[in-house]
Amino acid sequence: MRSIKIVSLPGDGIGQEVVASAVQVIEKVAPKFDLEISIEEHLFGGCSYDAHGEMLTEETLAACKNADAVLLGAVGGPKWENLPHNKKPEAALLKLRKELGLYANIRPAKVFDALADASSLKKDIIQGTDFVVVRELTGGIYFGQPRGYDEEKGWNTMVYEKYEVERIARQAFELARKRGKKVTSIDKANVLEVSQFWRQIVHEVHKDYQDVVLNDMYVDNAAMQVVRNPKQFDVIVTSNLFGDIISDISGMITGSLGMLPSASLGDKYALYEPIHGSAPDIAGQNKANPLATLASVAMMFENTLDLPEAGKLIYSAIEDTLSKGYRTGDIKSEGCKLASTTEMTEQILTSLDAVK
Ligand code: NAD
Ligand code: IPM
Ligand code: MN
């Protein structure tokens, strides 16, 4: 039996609820694949600040570095919104990503057939959509110096080093090779020098991947194209800020932010998290959609644990549960079976037993 150590960071708001769901699913799936998984929970974000006066303690960081994989819920909320900028939960999330070297954020946007009606877009536009956003996660305007604000002005810096663009471009081309062999690089090269540079480096890397088709798209057009015709995309590669925005737009194609998972990968560590936040408006009400987090767990089994079959099993259980009509409030439709977070989780657990 293989032993695996996972650190879970439920964080704040619905992070607590969706990670509780994920833990049950991990515990159900692991023995089916002869895995002994220990899950060690740590405080991170606002809850850590309330307990220790720090959003990310040395202890939590060390635990993450000592784990095979990290599973994160979400951080943030109104309670901590007015703290100084560098003390906010969101700043701690950036620090965690940087410390773990998680430069590649993989955000797959796949429309489940059963949910083709849940999007605010027309069914024939979105049905069959299956693309992946590869977002650069440890550079760009999120991290560039100088940054700050005073009474007269506020400033940030968007900067990319050559090696940062090269490695994320390689991730995108490698991924495209396993999929539809098409990469769309999204930038703002008509206005920003940093984007011109980005474009140049992506094209240089492309010379090693001539079997993959590369095209460039300006970010404003890309935002429009993602809702106009999402099926044109296979792999999107883009910078930190543009990727943040484009992936939330992609969320609406799949029906809800509560459906989009992500993997944040580096050379040494891996972290899995839904793309949504702590959803203060529904936190603590057992209403959150756990499926983005469960799909993130599927990605964890596929990537870090090298068990694609386990990942597929979780995806099948999600399909099965949706096709039986179970829906949390964010994806509800006429005639569906409205389910709470815990009811949805129970259905997934039942399906997991049924499918294998
Ligand atoms: P949000 O993603 O938390 O919520 C946006 C909307 O989507 C809300 O109406 C919410 O109810 C809904 N929603 C999100 N996830 C859902 C789910 N799983 N099921 C059902 N509905 C869901 O974004 P926000 O409101 O802009 O941010 C709230 C807080 O979360 C902020 O502090 C923000 O900084 C933080 N945040 C954290 C992360 C993270 O930890 N990775 C990501 C995004 C936002
Ligand atoms: C995300 C979030 C984060 C980001 C915030 C909370 C720092 O929006 O994971 O998409 O902007 O990266
Ligand atoms: Mn975001």
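Reader: Where should I start with ligand 2: which residue has a polar side-chain atom 2.6 Å from an oxygen atom of this ligand?

Author: Welcome! That residue is Tyr-142. Please keep in mind that this is a predicted model. To read such a pair as a polar contact, check that the two N or O atoms lie within 3.5 Å. Arg-135 also qualifies, with a side-chain N or O atom 2.8 Å from an oxygen atom of ligand 2. For Asp-244, the distance from a side-chain N or O atom to a ligand 2 oxygen is 2.9 Å. On its own, ligand 2 has 320 Å² of accessible area, and the protein covers 78% of it.

Reader: Which other residues are around ligand 2?

Author: Besides Arg-135, Tyr-142 and Asp-244, you will find Glu-90, Arg-97, Arg-107 and Ile-275 there. Hold on to Glu-90, as it will come back.

Reader: Then let's turn to ligand 1. How many residues surround it, and which are closest?

Author: There are 21 of them, and Glu-90 returns among the closest, together with Val-75, Gly-277, Ala-279 and Asp-281. By type, this shell splits into 10 nonpolar, 7 polar and 4 charged residues.

Reader: Which residues make polar contacts with the nitrogen and oxygen atoms of ligand 1?

Author: Look at both side chains and backbone here. Asp-281 places a polar side-chain atom 2.8 Å from a ligand oxygen. Glu-273 has a polar side-chain atom 3.1 Å from a ligand nitrogen. Asn-289 takes part through its backbone: a polar atom there is 2.9 Å from a nitrogen of ligand 1. Of the 800 Å² that ligand 1 exposes when taken alone, the protein buries 69%.

Reader: Now the protein itself. How many salt bridges does a search of the whole structure find?

Author: The general idea is that oppositely charged side chains can pair when their charged atoms come close. Here the search finds 15 salt bridges. One joins the side chains of Lys-65 and Glu-99, with 3.2 Å from N to O. This pair connects distant parts of the chain, 34 residues apart: Lys-65 belongs to helix H3 (residues 58-65) and Glu-99 to helix H4 (residues 89-99).

Reader: And the strands: do E8 and E9 pair in the parallel or antiparallel sense?

Author: Side chains in a regular strand alternate between the two faces of the sheet. In this model, strand E8 (residues 182-187) runs parallel to strand E9 (residues 213-218), and 6 bridges pair them. You can pick out one bridge by finding Thr-184, whose partner in E9 is Asn-215. Together with helix H7 (residues 193-206), E8 and E9 form a right-handed β-α-β unit.

Technical notes. Residues numbered from 1 in each chain as written. Chains lettered and ligands numbered in written order. Predicted model: local features only at pLDDT ≥ 70, side-chain atom pairs only at ≥ 80, totals over all residues. Heavy atoms only, no water. Near = heavy atom within 4 Å. Polar contact = N/O pair within 3.5 Å; in protein donor to acceptor, adjacent residues only side chain to side chain. Areas by Shrake-Rupley, 256 points an atom, 1.4 Å probe, with all protein chains shown as cover. Nonpolar A, V, L, I, M, F, W, Y, C, P; charged D, E, K, R; others polar. Pairing = 2+ DSSP bridges. Helix = DSSP H or I, 4+ residues; strand = E, 2+ residues; numbered from the N terminus. Right-handed = clockwise from strand over helix to strand, strands pointing away. Salt bridge = Lys/Arg side-chain N within 4 Å of Asp/Glu carboxyl O.
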